[in-house]
Amino acid sequence: MELPLHKLVLRKLKMKLKNPFSTSYGTVQDKEFFLLELIDRDGNRGYGESVAFTTPWYTEETVATTFHMLEDILIPTLQSNMVTHPDEVSELFLPVKRNNMAKAAIEGAVWDLYAKRLDIPLAEALGGERKEIEVGIAIGIQPTMNQLLEKIQGALDNGYKRIKLKIKPGLDVDLLSQVRSHFPAISIMADANSAYTLGDIDRLKKLDDLNLLMIEQPLGHDDIIDHAKLQAAIQTPICLDESIHSVEDVRKAWELGSCKVINIKIGRVGGLTEAKRIHDFCYEHDIAVWCGGMLEAGVGRAHNIALTSLPQFVLPGDTAGSSHYWEQDIIKPEVIVHDGIIKVPKKPGIGYDMNFEVIEKYTEWKKEYDF
Ligand SMILES: O=C(O)CCC(=O)C1=CC=C[C@@H](O)[C@@H]1C(=O)O
Ligand SMILES: [Mg+2]
């Protein structure tokens, strides 16, 4: 049955993070993004959120390229084609190379609308079964060791199930050893955001003594060959983040032995349909999967929660609670983490209502598109 699309409302928002988030690439303080509200002829509303940053340090996409893609390519494509199921959106966008975060923003709104039309939770529409999901937390690079230890303790006090720390050359073996000696038994992983090369192999081998859950994206953002060499040389499981844009990337990485774990970010892989394909491949091949974060506001967070309800998300994701990032989130209720657990909402679609008071407060401009 056709999805009778009526109108798309595109809002540009800017929200200040409570705490700046620092990685080997740099620091994020303000999060700029698009909120997409897709309305059908029966008055149902589906929501999507874009995740690209203002500069292309994580992937090549930015807020500006997202707008260009939405305005000039993706929205017109959706306007001129009929869809019956969200999977058809990624088919429609197939001739457009990459620009996965822009594609995911619009596809996410279609998925939410589709689930709402069926009157079922998005998690169920995706085939998810979990009623609750376990989550961890990502802690950015801190100015001092004491501040880092305090942040970790605070996260543990809040029940988060695993701690992800950012590392870079010079802020790695010693830093992680100190953390490990303060917290001998906790689940710790390190994210390098491509800060190393194979020349650092001896340094990276030292991490094997620290019982890390995994090391995320140690080498080049577009590499799977050197990662295979590194994985053969170290015991710590490698997780790929930046290198993975599709299920084909996962298949190749798996065949080469480039990693043991996959971080799925809906935006990086072009939407929930491709995220689900990656999930299914990993399920069949017994590859551990978890859901990464992009410092999302509530709508993006809600999509992550729905996705994480699928069975192969066997490791805690980066979906921390709203209050970890924001003074006020754009959804009601906010995402609450209790003892490191989020309850998957039972209401239709993403399962959270929009908080338009907050949305209006942070909206810089909005624009409407008719279908
Ligand atoms: O959303 C979160 O809480 C996790 C954020 C996070 O760790 C990242 C977001 C975006 C880019 C990176 O710095 C990093 C990552 O690589 O996973
Ligand atoms: Mg990462």
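An open sheet of 4 strands runs in the order β3-β2-β1-β15, and its pairing is antiparallel. Two strands count as paired if DSSP finds at least two bridges between them; strands (E, at least two residues) and helices (H or I, at least four) are DSSP runs, numbered from the N terminus. The model is predicted, so to speak of a local feature needs pLDDT of at least 70, side-chain atom pairs count only at pLDDT 80 or more, and totals for chains, interfaces and linings use all residues. Residues are numbered from 1 along each chain as its sequence is written, while chains are lettered from A and ligands numbered from 1 in the order in which they are written.

**The antiparallel sheet**

- β3 and β15 (363-370) stand at the edges with a single partner strand each, so one side of each has no neighbour in the sheet.
- From one strand to the next, the twist averages 20°; angles run from 0 to 180 degrees between N-to-C directions, and axes are lines fitted to C-alpha atoms, for helices over the stretch in contact.
- β1 and β2 are joined by 13 bridges in the antiparallel sense, and one example to look for is Lys16, whose bridge partner in β2 is Asp30.
- Helix α1 (residues 63-79) packs on this sheet, where it touches β1, β2 and β15, and its direction makes about 10° with that of β2. Contact here means that the C-beta atoms of two residues, placed from the backbone, lie within 7 Å.
- α3 lies across β2 and β3 and runs at about 150° to β3.

**The parallel sheet**

- Another open sheet has 7 strands in the order β5-β6-β7-β8-β9-β10-β11, with parallel pairing.
- At its edges stand β5 (137-139) and β11, each with a single partner strand, so one side of each is left without a neighbour in the sheet.
- Strands β10 (residues 261-264) and β11 (residues 288-291) pair over 4 bridges, with Trp290 of β11 as the bridge partner of Asn263.
- β10, helix α10 (residues 272-284) and β11 make a right-handed β-α-β unit. Right-handed means that, with the strands pointing away from the viewer, the path from the first strand over the helix to the second runs clockwise.
- α10 lies across β10 and β11, at about 165° to β10.
- Strands β8 (residues 215-216) and β9 (residues 238-240) pair over 2 bridges, and Cys239 in β9 is the bridge partner of Glu216.

**Two domains**

- The protein is divided into domain 1 (5-119 + 355-370) and domain 2 (124-353), with bounds that come from an automatic or database domain assignment.
- Their C-alpha centres lie 22 Å apart, and the contact takes 37 residues from each of domain 1 and domain 2.
- On the side of domain 1 that touches domain 2, α3 gives the most, with 12 residues.

**Around ligand 1**

- Among the residues around ligand 1 are Thr23, Tyr58, Asp191, Asn193 and Asp318; a residue is near a molecule if its C-beta atom, placed from the backbone, lies within 6 Å of it.
- This shell divides into 5 nonpolar, 4 polar and 3 charged residues. Ala, Val, Leu, Ile, Met, Phe, Trp, Tyr, Cys and Pro count as nonpolar, Asp, Glu, Lys and Arg as charged, and the others, Gly among them, as polar.

**Two backbone details**

- Most residues other than glycine have a negative phi, and most peptide bonds are trans.
- Gln217 is not a glycine, yet has a positive phi of about 40°.
- The peptide bond from Lys332 to Pro333 is cis, with omega near -15°.
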